[in-house]
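Please look over the sequence and the three-dimensional structure before reading on.

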Amino acid sequence: QVQLVESGGGLVQAGGSLRLSCVASTRTFSSYAMGWFRQAPGKERESVAAITRSGGSLYADSVKGRFTISRDNAKNTVYLQMNNLKPEDTAVYYCTADLGIATMLKGSGSWGQGTQVTVSS
């Protein structure tokens, strides 16, 4: 298990930006696929973005062109840059890590505690 700590959430107006960070406590961070999920009230948790060990990225259709996932292996950190935020992006955002991206996208990896993102209209 990897311990994950997210930060960077907050309240922002529509059209604004936020950058989420997630620090992982592991000596083998570069071996992990990393991802961001979100869960809005009354909805299921959904995948937002993922990044492979080699830096390849995947995005949900709803955030393509607005969100960018990146990683800094030297800092054991994965980021989610969120631009042009919309009220429908309001959710708790969770960081996740797994040795395989397929299993990570299924929700089988380690999870952080989540950080709230609220976008006002």
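Is D89 buried or exposed? In this predicted model, D89 has a relative accessible area of 1%, which is under the 20% cut-off, and D89 is therefore buried. Its place is in the loop between β8 and β9 (91-98), and, not counting residues up to four places away in sequence, D89 touches R38, R66, F67, N84, V117 and V119. With one of these residues, R66, the side chain of D89 makes a polar contact through the side chain of R66 (2.7 Å), while the side chain of D89 also reaches the backbone nitrogen of K86 at 2.8 Å.

The second residue, T77, is found in strand β8 (residues 77-82), and T77 is likewise buried, with a relative accessible area of 6%. Leaving aside its neighbours within four places in sequence, T77 is in contact with S21, C22, V23, F29, S70, R71 and D72.

| Side chain | Partner | Distance |
|---|---|---|
| D89 | side chain of R66 | 2.7 Å |

Strand β8 belongs to an open sheet of four strands, arranged in the order β1-β3-β8-β7 with antiparallel pairing. Because β1 (3-7) and β7 (67-72) stand at the edges, each with a single partner strand, one side of each is left without a neighbour in the sheet. From one strand to the next, the twist averages 15°. Strands β7 and β8 pair in the antiparallel sense over six bridges, and D72 stands opposite T77 in β8.

Notes:
Residues numbered from 1 in each chain as written. Predicted model: local features only at pLDDT ≥ 70, side-chain atom pairs only at ≥ 80, totals over all residues. Heavy atoms only, no water. Helix = DSSP H or I, 4+ residues; strand = E, 2+ residues; numbered from the N terminus. Buried < 20%, exposed > 50% of the residue type's maximum accessible area, 1.4 Å probe, protein only. Contact = heavy atoms within 4.5 Å. Pairing = 2+ DSSP bridges. Axes fitted to C-alpha atoms, helices over the stretch in contact; angles between N-to-C directions. Polar contact = N/O pair within 3.5 Å; in protein donor to acceptor, adjacent residues only side chain to side chain.
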